[in-house]
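Trainee: I have a model open and would like to work through it with you. Where shall we begin?

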Amino acid sequence: MEHNNEQTLRIAGVVKESIVDGPGIRFVVFSQGCPHHCPGCHNAVTHDFEGGYDCSIERILAEIDANPLLDGVTFSGGEPVCQPEGFLILAREIKKRNLSIIMYSGYTFEELLEMAKAHLPLSELLAAVDILIDGKYEESLRDLTLLFRGSRNQRVIDLTASLFAGRAVILENF
C-alpha cells in the first residue's frame, strides 16, 4: 500500500537532532508503513500503513529550516520508498538548502534499481539521495559495532556514484 498525497507524508514522527542516523547532526523523518516486517526491527511501530499521521511537507521543511546546525536529513522508517512522490518533493527542497540526504531502505540497491525502472518518482528520488543504507534488518546478523546500521548485511552506499557506475559503490569508512 502506498500513501499517495504528494503534499503530505504519512509519518511515525521526526527526530529534530540525531547523531545516530548518519554523519553529523541530522533531522530524521520516520515514514509510516513498511512491507518488510523484519523480526527484531527497532521501529516495529512504523510497520502499519494505517498508523502514524499525515504531516505536510511544508511543516517538515519549516522544522528543518528552524535549525541552522543541521548537516542533513535522513529518511528512515518504515519504508520511505513506499511514498516516493512525497519524499521526492521533500528531497528536492532539502537539496535547495544544501543539506545531504541519507535514506534507509529494506530493499537492496539492486532491488531499488529494478523497481525504479517502472516508477519515475522512485528513480528521481534515488537520484536525489546521497547515501543509501540498504537491506532488511537481519536479527541473526545484528552487530552493535556498526555505524548507522543494525546488521552486517546492510550496506552504506554512495548512491550518486552507484547510479553513475550502475553498481553498488560501498562507503568503507562506515
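Mentor: Begin with Ser-162. This is a predicted model, and in it Ser-162 has a relative accessible area of 0%, so the residue is buried.

Trainee: Which element holds Ser-162, and what is Ser-162 in contact with beyond its neighbours within four places in sequence?

Mentor: Ser-162 sits in helix α5. With neighbours within four places in sequence set aside, its contacts are Phe-109, Ile-157, Arg-167, Ala-168 and Val-169.

Trainee: Is Ala-91 buried or exposed, and which residues is Ala-91 in contact with?

Mentor: Ala-91 belongs to helix α2. Its relative accessible area is 0%, so Ala-91 is buried. Leaving aside neighbours within four places in sequence, the residues in contact with Ala-91 are Phe-75, Ile-101, Leu-125 and Ala-128.

Trainee: How many Å apart in space are Ala-91 and Asn-173, C-alpha to C-alpha?

Mentor: In sequence, Ala-91 and Asn-173 are 82 residues apart. In space, C-alpha to C-alpha, the separation is 25 Å.

Trainee: Which residues of helix α1 are buried, and where do they fall around the axis?

Mentor: Helix α1 covers residues 57-65, and its buried residues are Ile-57, Ile-60, Leu-61 and Ile-64. An α-helix has 3.6 residues a turn, so positions three or four places apart point the same way. Down the axis of α1, the buried residues fall within an arc of 100°, so they line one face of the helix.

Trainee: What covers the buried residues of α1?

Mentor: Look at both strands and a helix here. The cover includes the elements β1 (8-18), β2 (26-31), β3 (53-56), β4 (72-76) and α2 (84-96).

Trainee: Now α4. Which of its residues are buried, and how wide an arc do they cover?

Mentor: In helix α4, residues 120-128, the buried ones are Leu-122, Leu-125, Leu-126 and Ala-128. They are on the same side of α4, because around the axis they cover an arc of only 160°.

Trainee: What covers that buried side, and which exposed residues does the face turned away carry?

Mentor: Elements covering the buried residues of α4 include β4, α2, β5, α3 and α5 (159-165). On the face turned away from the buried side, the exposed residues are Leu-120 and Ala-127.

Trainee: On to charges. How many salt bridges does a search of the whole structure find, and which residues are linked in a network?

Mentor: The search of the whole structure gives 11 salt bridges. The residues linked in a network of them are Asp-65, Glu-93, Lys-96 and Arg-97.

Trainee: What is the N to O distance between Asp-65 and Arg-97, and which parts does the pair link?

Mentor: The two side chains meet in a salt bridge at 2.5 Å, N to O. The pair links distant parts of the chain, 32 residues apart: Asp-65 in helix α1 and Arg-97 in the loop between α2 and β5 (100-105).

Trainee: What relative accessible area does Asp-65 have, and what does Arg-97 have?

Mentor: Both are partly exposed. For Asp-65 the relative accessible area is 44%. For Arg-97 the value is 28%.

Trainee: How far apart are the closest N and O atoms of Glu-110 and Arg-155, and which parts does that pair tie together?

Mentor: Glu-110 and Arg-155 form a salt bridge with those atoms 2.7 Å apart. The pair ties together parts 45 residues apart in sequence, because Glu-110 lies in helix α3 (109-116) and Arg-155 in strand β7 (155-158).

Trainee: What is the volume of the largest pocket, and which residues lie nearest its centre?

Mentor: The largest pocket holds about 660 Å³ of space. Its lining has 11 nonpolar, 14 polar and 6 charged residues. Of the 31 lining residues, those nearest the centre are His-42, Asn-43, Tyr-104, Tyr-137 and Gln-154.

Trainee: Last, the backbone. Which peptide bond is cis, and what phi does Asn-98 have?

Mentor: The bond from Gly-77 to Gly-78 is cis, with omega near 10°, and Gly-78 lies in the loop between β4 and α2. Asn-98 is in the loop between α2 and β5, and is exposed at 71% relative accessible area. Although Asn-98 is not a glycine, its phi is positive, about 60°.

Methods: Residues are numbered from 1 along each chain as its sequence is written. This is a predicted model: local features need pLDDT of at least 70, side-chain atom pairs count only at pLDDT 80 or more; totals for chains, interfaces and linings use all residues. Side-chain values use heavy atoms; hydrogens and water are left out. Buried means under 20% relative accessible area, exposed over 50%, partly exposed in between (1.4 Å probe, protein chains only). Helices (H or I, at least four residues) and strands (E, at least two) are DSSP runs, numbered from the N terminus. The arc is that of the directions from the helix axis to the C-beta atoms. Contact means heavy atoms within 4.5 Å. On a 1 Å grid over the protein atoms alone, a cavity is a set of points where a 1.4 Å probe fits but cannot get out, and a pocket is an open set with protein on both sides within 12 Å along at least five of seven lines; lining residues have an atom within 4 Å of a point. Grid points are joined across faces, edges and corners, and a volume is the space filled by probe spheres set on the points. Ala, Val, Leu, Ile, Met, Phe, Trp, Tyr, Cys and Pro count as nonpolar, Asp, Glu, Lys and Arg as charged, and the others, Gly among them, as polar. A salt bridge is a side-chain nitrogen of Lys or Arg within 4 Å of a carboxyl oxygen of Asp or Glu.
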